[in-house]
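Please look over the structure below before reading the points.

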Amino acid sequence: MAEVLVYVDHVDGAVRKPTLELLTLARRIGEPVAVALGSGAEATAATLAEHGAVKVLTADAPEFADYLVVPKVDALQAAYEATSPAAVLVPSSAEGKEIAARLAVRIGSGIITDAIDLEAGDEGPVATQSVFAAAFTTKSRVSKGTPVITVKPNSAPVEAAPAAGAVEALAVTFGSAATGTKIVSRTPRESTGRPELTEAAIVVSGGRGVNGAENFSVIEALADSLGAAVGASRAAVDAGWYPHSNQVGQTGKSVSPQLYIASGISGAIQHRAGMQTSKTIVAINKDAEAPIFDLVDYGVVGDLFEVVPQLTEEIKTRKG
Ligand code: FAD
């Protein structure tokens, strides 16, 4: 069976969920070989093996320590050359897409970004994408070289599939571009304790209807009762009520959680583009004609300042 390279997103050995989802998809098209880089790379092996990695190629070097992309591309290329895989799968994060694009150029291959599903085809892996603000779903495959495919978080289930997960050291030679740039300083953002927006199983978003930065505490309280991430429409972000890093939509982030709750959001096409593939959509809006209601599984016509706190209290009560 052909090998499929899976680029591992991890923090000091803790594998992030989108990588485990990639392993599920990789098993549909071949034998997953994981590539883990940087501090804690070897510590990823047990988790990766539990989810189907037959092999884990690891490399650690000071070059991987900061958020520079080129050293990682050098390493992924080395893994590609060592394995001749049937495909290379990378999580669709900002960093993942840059790594994937650079690799595809280097190896002369086609690339598909932001896939939401993947299946084996007669002429290579077939990727499903949601395009034109989620108005269409397309299926495509790469016709040149080895397919390099980035996959959106929450596109596949995480499945236990025990495999050998044999750790092998990957030899990497860095090119001059990898060592030519240095990070001189970085300031970590204060943690909210909430899950990362694009990875969260539940997202609670607020829009213009929230009517002020201070009122976002209502949205945050609901999010916290559910262990959810907080999102915002562009109108709320442009008004300065919530950071751009939380914007959902065409010019923000794409999310695909199990549950998306939109409060005080009208449902403009550019907002839909970032959340339409959510599994269950709930909207709270005081205008029964709001376009968001065309999209939802459950709609509540009402004032969010009445509905959301009641919902939060009910969830807290039921959770005990
Ligand atoms: P509105 O459209 O003003 O809707 C507010 C809603 O809140 C209304 O439906 C109203 O009935 C309801 N409401 C008001 N008060 C209450 C209350 N007390 N209780 C309950 N409901 C209430 N938008 C994005 O979100 N993300 C993007 O990435 C994005 N990218 C864009 C890119 C381009 C190129 C362009 C042109 C636009 C983009 N937009 C984006 C903007 C988009 O077109 C909309 O303007 C925006 O999504 C509207 O945000 P909203 O729904 O919060 O506000």
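Which residue follows α9, and is its phi positive or negative? The residue is G320, and its phi is positive, near 75 degrees. The model is predicted.

**Helix α9**

- Helix α9 covers residues 304–319, 16 residues in total, and reaches 22 Å from its first C-alpha to its last, close to the 22 Å expected at 1.5 Å a residue.
- Its buried residues are L304, V307, V308, T312 and I315.
- Seen down the axis of α9, these buried residues fall within an arc of 130 degrees, so they line one face of the helix.
- The face turned away from the buried side of α9 carries the exposed residues E306, Q310 and T317.
- The packing partners of the buried α9 residues are α6 (216–226), β14 (259–263), β15 (280–285) and β16 (298–301).
- At the start of α9, the backbone nitrogen of F305 has a side-chain oxygen of D303 within 2.8 Å.

**Helix α3**

- Helix α3 (residues 70–83) has 14 residues, which at 1.5 Å a residue should span 20 Å; the C-alpha atoms at its ends are 20 Å apart, in agreement.
- Because 12 of the 14 residues of α3 are buried, the helix is largely enclosed by the rest of the structure.
- The buried residues of α3 are V70, P71, K72, V73, D74, A75, L76, Q77, A78, A79, Y80 and T83.
- These buried residues pack against the strands β1 (3–7), β4 (31–37), β5 (55–59) and β6 (87–91), and against the helices α4 (94–107) and α5 (176–179).
- S84 comes after α3, and its phi is positive, near 45 degrees.

**Ligand surroundings**

- There are 25 residues around the ligand, and of these R208, S233, T251, S266 and Q270 come nearest.
- In the side chain of R208, an N or O atom is 2.6 Å from an oxygen atom of the ligand.
- R234 contributes through its backbone: one of its backbone N or O atoms lies 2.9 Å from a ligand oxygen atom.
- For Q247, a polar side-chain atom lies 2.8 Å from an oxygen atom of the ligand.
- The ligand taken alone exposes 990 Å², and the protein buries 76% of that.

Conventions
Residues are numbered from 1 along each chain as its sequence is written. This is a predicted model: local features need pLDDT of at least 70, side-chain atom pairs count only at pLDDT 80 or more; totals for chains, interfaces and linings use all residues. Side-chain values use heavy atoms; hydrogens and water are left out. Helices (H or I, at least four residues) and strands (E, at least two) are DSSP runs, numbered from the N terminus. The expected span of a helix is 1.5 Å times one less than its number of residues. Buried means under 20% relative accessible area, exposed over 50%, partly exposed in between (1.4 Å probe, protein chains only). Contact means heavy atoms within 4.5 Å. The arc is that of the directions from the helix axis to the C-beta atoms. A polar contact is a pair of N or O atoms within 3.5 Å; within protein, one must be able to donate a hydrogen and the other to accept it, and residues adjacent in sequence count only if both atoms are side-chain atoms. A residue is near a molecule or strand if one of its heavy atoms lies within 4 Å of it. Accessible areas come from the Shrake-Rupley method with a 1.4 Å probe; for residues, only the protein chains shown count as cover.
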